[in-house]
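Good morning, everyone, and thank you for making the time. Please bring up the sequence and the structure, and I will walk you through a few places in it.

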Amino acid sequence: MRGRLSVIVPVLNSADELSALLAGLMAGVKAGLIRELILSDGGSCDLSARIADDAGALWITGAASRGAQLRRGAAAAGGDWMLFLHADTVLPDDWVQAVLAQMSNGRPGYFRLSFDAKGAAPRIVAGWANLRARVFCLPYGDQGLLIARAEYDAAGGYPDIPLMEDVAIARILGRRLQMMPLAVRTSAARYQRDGWIRRGARNLWLLMRYLSGADPEALRRRY
């Protein structure tokens, strides 16, 4: 088991978000599961690089495109499994056991989604996201992706696109994807800023546009 997992996180001025993510990853370090943490930067000008250095993470830089950042991170990874996470993701307790079980299963997995906010709206949005992921095999990047290196390579990896890179790889993996029995907690800041209904409707519209063949770069400008 020791050192089998590479954790890959795209960052862009993520200093305020990284502390909670890093705290959650410590369980994997103590268990000897994590081989390396890779922070794939898109041009940060805050303290993200210093935080990465203090944490002993590998810091790589390049163009600010989430698909490209994830792809660069995977290229630098040495583990035979990879866990892709967003910087504002907080891992649940017992995530190490869930990941080990999924690795033993041999299939790619993702977490259920929850938000760091209370109320009906966060529960409804998270519920829809989890239903979409389970029924249509379309988890988003904020649910994480655990995948074996061999299967990632066979799928062609994340495409070099600025948006919908998570949907693109999920469509290739299809029914191989499995939901793990724990929920990550992600930031509700964008929903609280834009409004839960408005943001949720915009995300659904973007998904439908992408699935209909729209250019991801054009969608990013709308996002």
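How many aromatic pairs does the structure hold? Keeping in mind that what we are looking at is a predicted model, the answer is that it holds 6 aromatic pairs.

Let me begin with Phe 115 and Trp 196, whose ring centres are 5.1 Å apart and whose planes stand at 85°, so that this pair is edge-to-face. Phe 115 belongs to strand S6, residues 109-115, while Trp 196 belongs to helix H9, residues 196-211, and the pair therefore ties together parts that are 81 residues apart in sequence. Phe 115 has a relative accessibility of 9% and so counts as buried, and Trp 196, at 16%, counts as buried because the cut-off is under 20%.

Another pair is made by Tyr 152 and Tyr 158, which is tilted, with 6.1 Å from centre to centre and 55° between the planes. Tyr 152 and Tyr 158 are both buried, and together with Phe 84 they form one aromatic cluster.

A ring can also have a charged residue over it, and here I would point you to Tyr 140, where Arg 132 lies over the face of the ring, at 3.6 Å from the ring centre.

Finally, please find Thr 89, which is placed in strand S5, residues 89-90. Is Thr 89 buried or exposed? With a relative accessibility of 1%, Thr 89 counts as buried, and, if we leave aside residues up to four places away in sequence, Thr 89 touches Leu 21, Asp 142, Val 184, Arg 185 and Thr 186.

Methods
Residues numbered from 1 in each chain as written. Predicted model: local features only at pLDDT ≥ 70, side-chain atom pairs only at ≥ 80, totals over all residues. Heavy atoms only, no water. Phe/Tyr/Trp six-rings, centres within 6.5 Å; stacked < 30°, edge-to-face > 60°. Helix = DSSP H or I, 4+ residues; strand = E, 2+ residues; numbered from the N terminus. Buried < 20%, exposed > 50% of the residue type's maximum accessible area, 1.4 Å probe, protein only. Lys NZ or Arg CZ within 6 Å of the ring centre and 35° of its normal. Contact = heavy atoms within 4.5 Å.
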